[in-house]
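Colleague: Could we go through this structure together? I should like to begin with the overall layout and then turn to individual elements.

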Amino acid sequence: MVRLRQHGHFVLGDIAVRCYEYRSKRTYDERDIRRAAQVFADFRLDPGDVIEVQVPPYRERDDQDPEERGRADWRERVASWMYWHARDKHQLERPHEERDDNWQRIGVGGMPGELTWEEFIAASSGSRRSIGNTRPLELVTRSDSGPFLPRAYADLLDRWEQVTEEIVAKARICSRCRAQGPRWGAWRTPSPLGYITLCPPCSGATFQRYTGHLRGVLYESARTRSTRADGYLCPMCAETRAPVWDHCYDRGYVRGPLCGSCNTCEGKSPAHYFLRDKEGSALHLLECCGCLERRTLPARYHAALARMHLEATERHLIRSRRCRREPRVENIELDHGAYRFELSCWWHDARWPKTVTVVEAAMLVREFVDQAFADAQSNAVVPAPRAASDNPSPGWPRETP
Ligand SMILES: [Zn+2]
Ligand SMILES: [Zn+2]
Ligand SMILES: [Zn+2]
Ligand SMILES: [Zn+2]
């Protein structure tokens with residue numbers, strides 16, 4: 001699914017098979033599938049003619065140039081599986097204080113850290129690791145210096161890289177203005193005929209801006225059902241079309257249209273992540289007129305704000321001084337009118353419990369909502385305080401004396 005969004009194809013070996021979409025059903029052309037199958041049936045390799053697979057040096061994902069990250073690179077992908085297990089083994093077998101970066105070094109047998117080939121294969125079994133929908137690990141042979149693959153298969157994987165890069169490059173181009181977008185399909189937007197590529201300005205020009213057309217309307221109403229969300233630009237990211245109406249589960253009101261990615265972020269990612277890292281999240285939640293009137297947020301955000309408060313303020317003591325590290329906060333449960341949390345500091349092996357009452361959490365929510373309004377007012381285009389209070393932005397509460 002990720003690849004379909006990114007480039008709209010299914011890559012079998014070195015053949016890209018185009019996916020078509022019609023009335024939200026995805027299909028392939030049978031002739032394409034047959035052609036790909038024939039190429040595979042004709043594929044021959046000589047198991048005696050092998051080349052050595054050099055494991056590339058470890059690279060931190062965050063250090064990579066965004067252009068490089070996720071590039072089709074089969075050697076890099078096989079290596080990333082190995083490094084993953086090498087680190088896992090290192091961390092499992094050593095206490096905190098003895099952990100270092102040695103698992104990143106290529107050691108005996110061309111494997112990273114202390115990982116052996118047998119351990120790697122055992123850990124990989126059942127995970128069906130594939131590249132271009134083929135299984136490289138099943139074709140590997142070994143010598144003391146490192147892993148080997150049949151030459152014909154390595155050549156096939158080289159062509160897989162090339163084919164994949166070509167379709168990714170094509171899918172990055174805005175279909176209206178031909179500008180080039182990011183590698184990972186951020187400009188891809190669903191349409192009745194499958195994903196298309198539109199840059200943010202072209203999306204803005206194509207889709208209508210949402211200005212509260214359904215504010216105060218219940219999600220389960222005839223009006224919502226008869227109004228299409230997909231004519232609007234997603235108001236949260238303002239980058240792509242919004243296929244769905246988002247609504248407040250607690251109070252039932254429509255909050256506005258959202259694109260798939262913003263909607264997933266609201267519904268599926270941890271609530272504290274959505275509030276902290278997604279720009280405009282608070283104001284979007286307050287598009288629900290029930291929450292807006294009470295200056296509150298849905299229940300799941302109460303626990304999230306309590307958690308964020310603890311992360312910001314709670315520290316354990318080391319010899320009567322406050323630890324400088326932010327604690328990890330987990331195990332949230334609601335019990336007898338209080339949220340219970342378990343806090344821990346990885347650096348000092350410390351654990352301690354903490355509770356936040358429902359009333360305290362509601363106060364944190366109120367503060368958060370007020371702050372969101374204050375920030376929005378100060379960022380507003382009309383900064384004069386008088387104009388702002390005489391004529392508040394639509395839907396926003398007036399200042400109470
Ligand atoms: Zn464009
Ligand atoms: Zn969005
Ligand atoms: Zn609500
Ligand atoms: Zn600590």
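**Layout and elements**

Modeller: Taken over C-alpha atoms, the centres of domain 1 and domain 3 are separated by 41 Å. Domain bounds come from an automatic or database domain assignment.

Colleague: Which domains does the assignment give for the protein chain?

Modeller: The assignment gives domain 1 (46-171), domain 2 (207-294) and domain 3 (299-390). Residues are numbered from 1 along each chain as its sequence is written, and chains are lettered from A and ligands numbered from 1 in the order in which they are written. This is a predicted model, in which local features need pLDDT of at least 70, side-chain atom pairs count only at pLDDT 80 or more, and totals for chains, interfaces and linings use all residues.

Colleague: What does the C-alpha trace span, and how many helices and strands are there?

Modeller: The C-alpha trace spans about 85 × 65 × 40 Å along its principal axes. The secondary structure comes to 14 helices and 15 strands. These are DSSP runs numbered from the N terminus, with helices (H or I) of at least four residues and strands (E) of at least two.

Colleague: What share of the residues counts as buried?

Modeller: Of the 401 residues of the protein chain, 24% count as buried. A residue is buried if 20 or more other C-beta atoms, placed from the backbone, lie within 10 Å of its own, exposed if 12 or fewer do, and partly exposed in between.

Colleague: Turning to the sheet with E13, E14 and E15: what is the pairing?

Modeller: The pairing is antiparallel, and the 3 strands form an open sheet in the order E13-E14-E15. Two strands pair if DSSP finds at least two bridges between them. Strand E13 (328-335) and strand E15 (350-357) are at the edges with a single partner strand each, so one side of each has no neighbour in the sheet. Neighbouring strands are turned by 20° against each other on average, direction ignored.

Colleague: How many bridges join E13 to E14?

Modeller: There are 6 bridges between E13 and strand E14 (residues 338-345). Arg328 has Ser344 in E14 as its bridge partner.

Colleague: Where does H13 lie?

Modeller: Helix H13 (residues 358-379) lies across E14 and E15, and runs at about 80° to E15. Axes are lines fitted to C-alpha atoms, for helices over the stretch in contact, and angles run from 0 to 180 degrees between N-to-C directions.

Colleague: Which residues of H13 are buried, and which are exposed on the other side?

Modeller: Ala361, Val365, Phe368 and Val369 are buried in H13. Seen down the helix axis, the buried residues of H13 fall within an arc of 100°, so they line one face; the arc is that of the directions from the axis to the C-beta atoms. On the other side of H13, Val359, Asp370, Gln371, Ala374 and Ser378 are exposed.

Colleague: What do the buried residues of H13 pack against?

Modeller: They pack against helix H10 (281-285), helix H12 (299-313), E14 and E15. Two residues are in contact if their C-beta atoms, placed from the backbone, lie within 7 Å.

Colleague: And what about the length of H13: what should its 22 residues span?

Modeller: At 1.5 Å a residue they should span 32 Å, and the end C-alpha atoms of H13 are 31 Å apart, which agrees. The expected span is 1.5 Å times one less than the number of residues.

Colleague: Let us change topic. What is the strand order in the sheet with E4?

Modeller: The order is E4-E6-E5, in an open sheet of 3 strands with antiparallel pairing. Strand E4 (50-52) and strand E5 (141-142) are the edge strands, each pairing on one side only. E4 and strand E6 (residues 147-150) pair over 3 bridges, and the bridge partner of Val50 in E6 is Pro150. H5 packs on this sheet, touching E4 and E6, and its direction makes about 85° with that of E6.

Colleague: What of Asp158: how far is Asp158 from Trp74 in space?

Modeller: Asp158 and Trp74 are 7.6 Å apart, C-alpha to C-alpha, and 84 residues apart in sequence. Asp158 lies in helix H5 (residues 151-171) and is partly exposed, with 13 other C-beta atoms within 10 Å. Trp74 is among the buried residues of helix H3, whose cover includes helix H4 (117-124) and H5.
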